[in-house]
Amino acid sequence: MRNTAKPLWPLAGFSVAMMATGLVWAGFETRLFQDALVWIKPFKFALSFAVLFATLAWAVDKMSASAQFTRTLRWTVAILAAAFWVEMIYITLQAAQGIGSHYNTADLYHNVMYAIMGVGAVSLVVGTGVIGWAMLRDTGARVHEDLRFGVGVGFILSTALTLVTAGALSSMAGHFVGTPPVGAATIPFFGWSAAVGDLRPAHFLALHAMQAIPLLAWAVQGRVSARVWIVGGSAGYTALTLALFAQALMGLPMVRL
Amino acid sequence: MTADDLFGLASGAVLPGWLILMLAPRGRWAWLDLVPSLILPLGLSALYTGLVLAHFSASGGGFGSIAQVRMLFASDYGLLAGWVHYLAFDLMIGAMMAAQMDKMGLPRLSQAPLLALIFLFGPLGAFLIWVAQGSLRAVGKGGAA
């Protein structure tokens with residue numbers, strides 16, 4: 001059987017390539033969509049995918065051979081790859097036409113594509129949890145057992161929090177709670193609203209539990225209190241994510257600028 | 001045959017080549033691998049050679065400016081030659097890139113969208129593959145290159 005981890009590194013590589021595409025595109029682009037240059041969204045998604053796939057590839061690389069070569073993992077990686085291409089290509093195609101991808105329900109085609117992207121996004125999120133679960137159970141993994149615990153907890157927590165925050169995002173007509181005035185302040189680089197509620201900061205924290213908790217675990221691994229740190233840190237991270245989520249739902253910006 | 005007939009013939013001819021790259025097993029039958037990498041590009045190159053020798057000078061165009069290049073493509077046969085050039089080289093590059101992606105350890109499912117990008121927007125697909133390959137090598141994950 002093929003090593004199931006292998007396609008994950010190339011997927012990270014193609015995410016980096018999509019970032020490069022966004023940067024060369026930026027040199028020629030003048031069109032705006034919702035106050036942002038149209039190349040920015042595909043670039044941000046590519047960056048996010050690069051971080052996601054590098055993290056997953058690293059984790060699967062550390063698994064024992066018997067955990068790597070399972071049918072579940074092979075299918076998970078195949079589904080992740082398909083979801084990546086569907087999301088990335090559609091978001092880029094739409095941006096190149098200067099029109100929306102998420103929340104674009106203009107006609108049947110865009111409705112169907114928005115629904116397919118939803119299936120893709122859920123697949124990516126659930127796939128992360130599946131790999132986290134496999135790591136948690138893999139006693140032969142070539143990392144400290146505290147780090148293995150942190151990776152498992154972080155990945156699964158990321159899945160749970162993302163299903164909550166992104167689930168709420170998808171049930172709404174857009175990522176804002178309230179209507180930002182034209183040209184209203186945004187948080188630099190991220191582009192989140194600094195004027196009205198914006199669900200994206202909570203979504204961002206939810207996604208990156210899969211890096212934050214493993215990093216915490218790496219920092220405290222080997223200590224007697226390591227598990228307490230990891231569980232406590234996960235609880236604190238969850239509280240922070242949910243606080244940002246509640247703040248946005250109340251129509252308040254993360255910070256007012 | 002009219003320029004339109006030749007256009008249809010050439011455009012149709014590359015499709016089996018792309019399908020072989022995307023779907024057929026590689027490395028099992030040498031003759032099958034040769035269809036997209038040599039046989040079809042060779043046939044299209046022959047067609048291009050005939051078209052360009054017969055129609056280039058009559059166009060009055062050249063390679064020196066946008067205006068000159070536009071003149072090259074002013075006639076249907078000039079345009080057809082340009083199109084056949086795309087078809088031949090995109091397929092040839094597609095076959096080379098597929099072999100590169102095999103070495104990167106990329107499964108066929110993930111190669112298909114990239115090959116489709118080369119088919120539709122040649123250099124865009126090649127750019128993606130080169131940057132991906134370069135960034136993987138930079139972190140020591142380049143595969144058996």
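Biologist: What separates the centres of domain 1 and domain 2 of chain A?
Modeller: Domain bounds come from an automatic or database domain assignment. Here the centres of domain 1 and domain 2 of chain A, taken over C-alpha atoms, lie 18 Å apart; domain 1 covers 1-142 and domain 2 covers 143-257. A word on the source: this is a predicted model, with local features needing pLDDT of at least 70, side-chain atom pairs counting only at pLDDT 80 or more, and totals for chains, interfaces and linings using all residues. Residues are numbered from 1 along each chain as its sequence is written, while chains are lettered from A and ligands numbered from 1 in the order in which they are written.

Biologist: How many residues of the two domains are in contact?
Modeller: Two residues are in contact if their C-beta atoms, placed from the backbone, lie within 7 Å. By that test, 22 residues of domain 1 of chain A touch 20 residues of domain 2 of chain A. On the domain 1 side, α5(A) gives the largest share, eleven residues. Helices are DSSP runs (H or I, at least four residues), numbered from the N terminus.

Biologist: Which span does α5(A) reach, and what is expected?
Modeller: The expected span is 1.5 Å times one less than the number of residues. Helix α5(A), residues 108-137, has 30 residues and reaches 43 Å from its first C-alpha to its last, close to the expected 44 Å.

Biologist: Which residues of α5(A) are buried?
Modeller: Buried means that 20 or more other C-beta atoms, placed from the backbone, lie within 10 Å of a residue's own. In α5(A), the buried residues include Gly120(A), Leu124(A), Gly127(A) and Ile131(A). The buried residues of α5(A) pack against α2, α3 (65-68), α4, α6 (145-170) and α8 (209-220) of chain A.

Biologist: At what angle do α4(A) and α5(A) pack?
Modeller: Axes are lines fitted to C-alpha atoms over the stretch in contact, and angles run from 0 to 180 degrees between N-to-C directions. For α4(A) and α5(A) the angle is about 145°, with the axes 9 Å apart. Among the residues of α4(A) that meet α5(A) are Leu73(A), Ile79(A) and Tyr90(A).

Biologist: And how many residues do chains A and B bring into contact?
Modeller: 16 residues of chain A contact 15 residues of chain B. On the chain A side, α1 (8-26) and α4 (71-96) each supply at least two residues, and α1(A) gives the most, with nine.

Notes: A residue is buried if 20 or more other C-beta atoms lie within 10 Å of its own, exposed if 12 or fewer, and partly exposed in between; C-beta atoms are placed from the backbone.
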